[in-house]
Amino acid sequence: MDSFEIIGGKPLKGEIIPQGAKNEALQVISAVLLSEEKITIENVPDIKDVNNLINLLEDLGVAVQRHGKGSFAFQAKTIDLDYLRSEEFKRKGAALRGSIMIVGPLLARFGKAWIPKPGGDKIGRRRLDTHFIGLQKLGARFDYDASESFFSLSATELKGTYMLLDEASVTGTANIVMAAVLAKGVTTIYNAACEPYIQQLCRMLTSMGAIINGIGSNMLSIEGVDKLGGASHRMLPDMIEIGSFIGLAAMTRSEITIKDVHYPELGQIPGVFRKLGIHFELRGDDIYIPSRDSYEIETFIDGSILTIADAPWPGFTPDLLSIVLVVATQASGSVLIHQKMFESRLFFVDKLIDMGARIILCDPHRANVIGLGRKYPLKGIEMTSPDIRAGVSLLIAALSAEGKSIIRNVSQIDRGYQDIEQRLQALGAEIKRV
């Protein structure tokens, strides 16, 4: 099991380029199954979850050409549907949360799909009901083999319909959209997720010949077509990385420029970090964070303690709440962090408390962070990464802490962050893999 050894307490300096968006990658790469023509995708992140999905598609028969760093051409001309019933597929699919994204495209194009119950981060219950209920409304037959933890879907013909999703699930919306683009008639999806990831997927599908209206809203109207063609698509930078780097700069008193951030696509992320007292400038499409010794958390207008909570887009993304929590430990002032969408994502705060942070874990969803400025700096400890986002949060804490820290199970971090130690080393961080 790989670990990071970190000597913290050192300011960093330089420029850093965010990777392509992981959550977008899992969707648009799965969408190549909808066409037998060549699809080129640029700015693909070189991370475990994405590479595992690409390998899974190759096993299915998708021809994959690697043109250079982050550039791929996919052609799903011949697909081996029998592979979907193999033990190897059950094992590989179960290890990858993103494998659920191939269900919609396979069902739309071939009329059948199988998928093992996918794994992923241990951050709480993430149900798949929205996916399967939506596909059933399009006409799919659904079966679940509890003994094998294996899902199967089939349909002689998918037909467009109106549906109101019970939750604005990003992956659920993506799966239903990918099925609906080849369904007969018009599909209306109300309470659809509208994250930039979904918008990017819809734009790529439109360039392939799909007819989608309402992109960027929570109501999508999709007119099914008989066939989709090829396309070229460039992915957005990863907004979670961008937020992580803003937090890193503040925690380590560093002067960092984050390049090519696609600022209009960041939603509330910049504003939330400003509420924590972090100052930064937009220079063209770059975010420049100057070195500062202190930052002060705002209060509400009436003077009450600030609450930062996650919500479906355009609310604040849950993937950055752990970063916000860590950053608040070295601010002046208090903030209540309310993680509404996952019940286990705050269970890493015990490590921060061991490092010297003042945090009260109220319940599985809420933590009160008491920031005492830098009066009590964090100290290095040994710890284990429980999931991707908590792992990077602990990494940021370790880089700001006095002394040496060891973070174990960093393969979790590798699933979501590309070459993270090399990029941090380029900023001057003292970090190595052991």
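Predicted model: local features only at pLDDT ≥ 70, side-chain atom pairs only at ≥ 80, totals over all residues.

Student: OK, helices. At what angle do α6 and α7 cross?

Tutor: The axes of helix α6, which covers residues 170-180, and helix α7, which covers residues 196-207, come within 10 Å of each other and cross at roughly 10°. An angle under 35 degrees counts as roughly parallel, and α6 and α7 are therefore roughly parallel to each other.

Student: And is the crossing of α6 and α7 left-handed or right-handed?

Tutor: The crossing of these two helices, α6 and α7, is right-handed.

Student: Which residues meet there, in α6 and α7?

Tutor: On the α6 side you can look for V170, T173, A174, V177 and M178, and they meet Y197, I198, L201, C202 and L205 on the α7 side. If you sort the residues of this contact by class, nine are nonpolar, one is polar and none is charged.

Student: What about α1 and α2, how do their axes cross?

Tutor: Helix α1 (residues 22-30) and helix α2 (residues 48-60) have axes that come within 10 Å and cross at roughly 10°, and α1 and α2 are therefore roughly parallel to each other. In this contact K22, A25, L26, I29 and S30 of α1 meet D49, V50, L53, I54 and L57 of α2. By class, the contact of α1 with α2 has seven nonpolar residues, one polar residue and two charged residues.

Student: Switching to strands: do β9 and β10 run parallel or antiparallel?

Tutor: Strand β9 (residues 162-164) and strand β10 (residues 186-190) run parallel, and three bridges join them. To find the pairing on screen, look for Y162, which stands opposite T188 in β10. Between the two strands the chain passes through α6, and this β-α-β crossover is right-handed.

Student: How many bridges does β10 share with β12?

Tutor: There are five bridges between β10 and strand β12 (residues 219-223), and here the pairing is in the antiparallel sense. I189 stands opposite L220 in β12, which gives you a place to start looking.

Student: In what order do β6, β7 and β8 sit in their sheet?

Tutor: These three strands form an open sheet in the order β6-β8-β7, with antiparallel pairing. The edges are β6 (112-116) and β7 (141-145), and each of them has a single partner strand, so one side of each is left without a neighbour in the sheet. Neighbouring strands of this sheet are turned by 15° against each other on average, direction ignored.

Student: Which residue is opposite I115?

Tutor: That is F151 in β8, and the antiparallel pairing of β6 with β8 (residues 150-154) runs over five bridges. Helix α3 (residues 87-94) packs on this sheet and touches β6 and β8, and the direction of α3 makes about 65° with that of β6.

Student: Last topic, the backbone: where is the cis peptide bond?

Tutor: The cis peptide bond joins W313 and P314, with omega at about 15°. P314 lies in the loop between β17 (306-309) and α10 (321-328).

Student: And what is phi of R253?

Tutor: Phi of R253 is near 55°, which is a positive value in a residue other than glycine. You will find R253 in the loop between α8 (239-251) and β14 (255-258).

Note on methods: Residues numbered from 1 in each chain as written. Heavy atoms only, no water. Axes fitted to C-alpha atoms, helices over the stretch in contact; angles between N-to-C directions. Helix = DSSP H or I, 4+ residues; strand = E, 2+ residues; numbered from the N terminus. Parallel < 35°, antiparallel > 145°, perpendicular 65-115°, else oblique. Left-handed = near helix turned anticlockwise from the far one by under 90°. Contact = heavy atoms within 4.5 Å. Nonpolar A, V, L, I, M, F, W, Y, C, P; charged D, E, K, R; others polar. Pairing = 2+ DSSP bridges. Right-handed = clockwise from strand over helix to strand, strands pointing away.
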